[in-house]
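Subject: Structure for you to look at, with notes

Dear colleague,

I am passing on the structure below, and my notes on it follow. Please have it open while you read, so that each point can be checked by eye.

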Amino acid sequence: MCTTPPGRITVRSPRIGARLGSGLAAALLVATGLAASAPAALAQAPESAYADVVPAPVKLTPNAAVKFTISATTKIFVQPGPEAAGVGAYLGELLRRPTGFPLPVVPSAAAHANSISLLLTGADPAVGDQGYQLDTTADRVVVRATKAAGLFAGVQTLRQLLPAAVESGSVKPGPWTVPGGSVLDHPRFGYRGAHLDVARHFFPVATVKRYIDEIAAYKINTLHLHLTDDQGWRIEIKSWPKLATYGGSTQVGGGPGGYYTQEQYKEIIAHAASRQMTVIPEFDMPGHTNSALASYAELNCNGVAPPLRTDIEVGYSSLCINKDITYKFVDDVVREIAALTPGRYFHLGGDEAHATSEADYNTFMAKVMPIVAKHGKTAMGWHEVAKAKPDVPTSTVIQFWDTKANNPAVAAAAARGNKVLMSPANKAYLDMKYNANTPLGLNWAGYIEVQDAYNWNPATYAQGVGESSVFGVEAPLWSETLKTLSDIEFMAFPRLPAVAELGWSPASSHNWDAFKQRLGAQAPRWAAAGINYYKSPQVPWRTPVTGTCDNPAWAPASVYTGGTLVSHGNHEWRAKWWTRGDEPGTTGRWGVWEDLGTCA
């Protein structure tokens with residue numbers, strides 16, 4: 001693990017107006033001729049909590065003059081009906097842990113004093129199906145949306161406006177303040193996914209649910225579960241039971257492996273749904289199938305089952321394309337899983353089928369695509385399916401994982417009308433090492449530092465795939481070297497929030513220098529939540545303060561000089577230079593206070 005010590009945030013601010021009280025600063029700005037530009041920037045500078053939100057919202061209008069404080073008497077009001085009720089229950093659960101407050105969830109179609117309201121009326125039409133608007137005044141917070149998905153996204157922004165201790169699993173002292181202001185927000189792409197490989201190494205239900213919780217915080221709305229591969233079959237298929245009991249009995253490097261019962265799979269789906277997340281199951285075929293071939297000899301052309309594999313080689317296995325039983329097998333798998341999966345899509349893999357001839361690959365896809373459709377699902381596949389002849393249906397989503405921008409088959413599919421899900425391996429693959437010293441991961445697609453994961457445009461990366469052809473973005477996480485939740489977290493954070501921002505925030509807002517500051521502000525939240533993450537030296541990490549906020553409370557009438565420490569808003573602050581009357585955390589890039597992090 002990288003042991004580079006995290007750096008503290010240092011805001012580079014003009015000295016005029018930073019050392020002086022606001023009235024004298026304004027006078028000097030006029031006198032020096034800077035009033036035409038500097039006051040406008042000062043007026044637009046967001047309150048620090050707004051400036052820290054990831055992914056960056058479409059529009060922010062902070063109001064540093066007010067703040068709302070959650071108290072023991074605060075209530076959560078929700079639009080009557082099941083949609084908002086589910087999000088309200090989630091918010092209540094999220095806030096009760098650290099605050100210790102009862103926070104009852106009450107149906108009501110109106111906003112009330114001393115409340116957080118989640119309403120499905122009155123939202124700006126610009127929010128669409130997944131966006132929201134959030135308004136905070138002195139006596140209430142109101143989140144409005146047209147759908148539950150939008151309310152849930154608004155809750156994720158609200159949680160980042162609260163002190164980092166809100167992520168704690170135990171009661172903390174507070175205060176629990178939300179800065180005044182408003183947000184109007186909606187996503188760039190409707191699909192923002194994270195992929196988790198449970199086949200190379202098996203992860204129990206609790207680990208998958210925890211990962212769902214962690215990625216939902218960054219407005220990820222799809223979990224792509226890679227359920228089968230050469231090294232393991234990870235879900236019960238009742239009509240082919242040995243797939244799980246034998247095919248799932250090992251994993252990379254050996255060990256017991258494991259599989260999900262169909263009831264456990266439904267538990268994962270239900271948990272994802274409570275986080276407004278859709279699960280897409282993947283059953284990779286015709287290659288990456290050794291666990292199935294080892295389980296049932298009849299799936300092999302020679303009728304002989306190969307041994308189970310625990311290495312990480314790829315490209316050597318293939319279903320027998322010319323056997324009728326192959327398609328009965330595929331039909332049974334798709335039928336059982338489709339019945340359990342409410343989402344629209346079924347991912348059939350199709351990548352690295354090196355042991356399948358081109359003619360056999362074409363035959364297989366031509367037979368399997370209609371099976372997926374027969375069971376009410378729309379097919380997705382890795383970008384190799386774009387080469388199949390006849391052409392795959394235009395409804396098929398092509399998942400691009402190439403490391404080269406020029407892929408003629410993908411460009412041709414986009415021209416025909418297929419949507420393309422962007423996951424270039426040298427940008428979005430979370431299992432790639434950060435650098436040569438990273439203890440986990442692989443490097444066949446190169447090293448991917450945080451800036452690499454952020455600095456690419458999904459709408460211009462692949463030649464012939466423009467914005468209108470992009471289905472969304474997804475960050476795959478393969479598990480050849482990952483065995484625990486801590487391993488998953490270390491590889492996903494901080495790169496997954498980078499990819500999440502590319503999928504949510506407007507392209508015009510993408511700026512590495514700004515993003516790394518906001519990303520650094522997530523560190524105290526991850527510390528409070530117990531999330532393991534890579535402390536990239538590219539990011540100015542804010543560090544949480546151990547102990548309590550036992551410095552003197554900030555007082556607006558007091559004079560502070562460089563180095564003075566105060567407590568305010570459950571954070572510790574250091575005066576960077578002379579100041580009086582400037583509230584810590586409310587003056588954005590003109591700030592005179594260095595945020596030393598939340599008090600644990």
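In this predicted model, an open sheet is built from seven strands, which follow one another in the order S1-S7-S5-S6-S4-S2-S3 with mixed pairing. Strand S1 (59-70) and strand S3 (105-107) stand at the edges with a single partner strand each, and therefore one side of each has no neighbour in the sheet. On average, and ignoring direction, neighbouring strands of this sheet are turned by 25° against each other. Within the sheet, strand S4 (residues 115-119) pairs with strand S6 (residues 140-144) in the parallel sense, over five bridges, and Leu119 is found opposite Arg144 in S6.

The aromatic side chains come next, and the structure holds 29 aromatic pairs. One of them is formed by Tyr327 and Phe364, whose rings are tilted, with 6.0 Å from centre to centre and 40° between the planes. This pair links distant parts of the chain, since Tyr327 belongs to helix H10 (residues 324-340) and Phe364 to helix H11 (residues 358-374), 37 residues apart. Tyr327 and Phe364 are both buried.

Another pair, Tyr454 with Phe515, is stacked, at 4.2 Å centre to centre and with 5° between the planes. Here too, distant parts of the chain are linked: Tyr454 lies in helix H14 (residues 450-454) and Phe515 in helix H17 (residues 512-520), 61 residues apart. Both Tyr454 and Phe515 are buried.

Finally, a note on helix packing. Two packed helices are described by the angle between their axes together with the distance between those axes. For helix H8 (residues 262-274) and H10, the angle is about 45° and the axes are 10 Å apart.

Methods. Residues are numbered from 1 along each chain as its sequence is written. This is a predicted model: local features need pLDDT of at least 70, side-chain atom pairs count only at pLDDT 80 or more; totals for chains, interfaces and linings use all residues. Side-chain values use heavy atoms; hydrogens and water are left out. Two strands pair if DSSP finds at least two bridges between them. Helices (H or I, at least four residues) and strands (E, at least two) are DSSP runs, numbered from the N terminus. Axes are lines fitted to C-alpha atoms, for helices over the stretch in contact, and angles run from 0 to 180 degrees between N-to-C directions. Rings of Phe, Tyr and Trp (its six-membered ring) pair if their centres lie within 6.5 Å; planes under 30 degrees apart count as stacked, over 60 as edge-to-face and the rest as tilted. Buried means under 20% relative accessible area, exposed over 50%, partly exposed in between (1.4 Å probe, protein chains only).
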